[in-house]
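Thanks for making time, everyone. Let me put the structure up, and then I'll walk you through the parts I'd look at.

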Amino acid sequence: MGQKVNPILFRLPINRQWRSIWYADKKTFPKFIWEDYQIRKFIKKRLESAAVSKIVIERAGNRVRINIHTARPGLVIGRRAAELDKIKEEIMEIVEKGREVLVDVKEVKHPELEAQLVAENIALQIERRVAYRRAIKRAMQLTMDAGAVGIKVRCAGRLGGAEIARAERYHEGKVPLHSLRADIDYGFAEAKTVAGKIGVKVWICRKEDIATVVG
């Protein structure tokens, strides 16, 4: 089952936390889910170049707190927090009127150990017509140099513009998907190429001491 289950979901709440932290009744639950989806979609599109690894949404009463985890906090905040204020105003249009919106920016200190950022980096390089093998090997090397226990990458689609779509896997170090104690991060990204979409999946096994730093 290891390859069929999302490793982050599989480890809730052992060594992973939910990315939507709130409780709602039957009436408001669908509304909150839809709002969270729209907020994440907007932030990912707006901050495409800011290397956003995850967005955590907390709700308590009328307050909505959004924590943006990014490797480039300067791009998100902007000069004199002007960019952050614009983002906050646009989010206020998505959420229900009368709710207080708070936006916090948290820096990702080890972007090489964030599976989502590694997957997005590989996808971006493929879009820029870099040879997919070279992009994957380079990303894997940087992750291992950063202190990861292991990394696994799966690339699927019309690789290299081939007629028939195929999938290729690359593996280095240990990635024990069945070990619940293992801190495994998972990320997925899509490269939009001329030949079609290429999916990139990344699994990273991090050391315990690094895991506490990354969160």
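So, where does A81 lie? A81 sits in the loop between helix 3 and helix 4. When I say helix or strand, I mean DSSP runs, numbered from the N terminus: helices are H or I with at least four residues, strands are E with at least two.

Quick housekeeping before I go on. This is a predicted model, so local features need pLDDT of at least 70 and side-chain atom pairs count only at pLDDT 80 or more, while totals for chains, interfaces and linings use all residues. Residues are numbered from 1 along each chain as its sequence is written, and side-chain values use heavy atoms, with hydrogens and water left out.

Okay, back to that loop. A81 has a positive phi of about 60 degrees although it is not a glycine. R80 is in the loop between helix 3 (73-77) and helix 4 too, and R80 has a positive phi of about 50 degrees, again without being a glycine. Why point this out? Because most residues other than glycine have a negative phi, and most peptide bonds are trans. R80 is exposed, at a relative accessible area of 87%, and A81 counts as partly exposed at 25%. The cut-offs there: buried is under 20% relative accessible area, exposed is over 50%, and partly exposed is in between, with a 1.4 Å probe and protein chains only.

On the peptide bond side, have a look at L12 to P13: that bond is cis, with omega near -15 degrees. P13 lies in the loop between helix 1 (7-10) and strand 1.

For touching, or contact, the rule is heavy atoms within 4.5 Å. For the angles, axes are lines fitted to C-alpha atoms, for helices over the stretch in contact, and the angles run from 0 to 180 degrees between N-to-C directions.

Let's follow strand 2 for a bit. Strand 1 (residues 20-21) runs parallel to strand 2, joined by 2 bridges, and S20 stands opposite I57. On the strand 3 side, the pairing is antiparallel over 8 bridges, and there I57 stands opposite I66. Strand 2 and strand 3 form a hairpin with 2 residues between them, and G61 in the turn has a positive phi of about 65 degrees.

How many of the residues in strand 2 are buried? The count is 7 of 9, so to speak mostly covered. Take S53, which is in strand 2 (residues 52-60): S53 is buried, with a relative accessible area of 8%. Leaving aside neighbours within four places in sequence, S53 is in contact with H69, V108, E114, Q116 and L117.

Helix 2 and helix 4 also pack on each other, at an angle of about 150 degrees with their axes 10 Å apart. That makes the two helices roughly antiparallel, since angles over 145 degrees count that way; under 35 is roughly parallel, 65 to 115 roughly perpendicular, and the rest oblique. Among the residues that meet there are I39 and F42 in helix 2 and I87 and I91 in helix 4.

Last stop: helix 5 against helix 6. Their angle is about 155 degrees, with the axes 9 Å apart, and they are therefore roughly antiparallel to each other. The residues that meet include V118 and I122 in helix 5, and A135 and A139 in helix 6.

Note on methods. Pairing = 2+ DSSP bridges.
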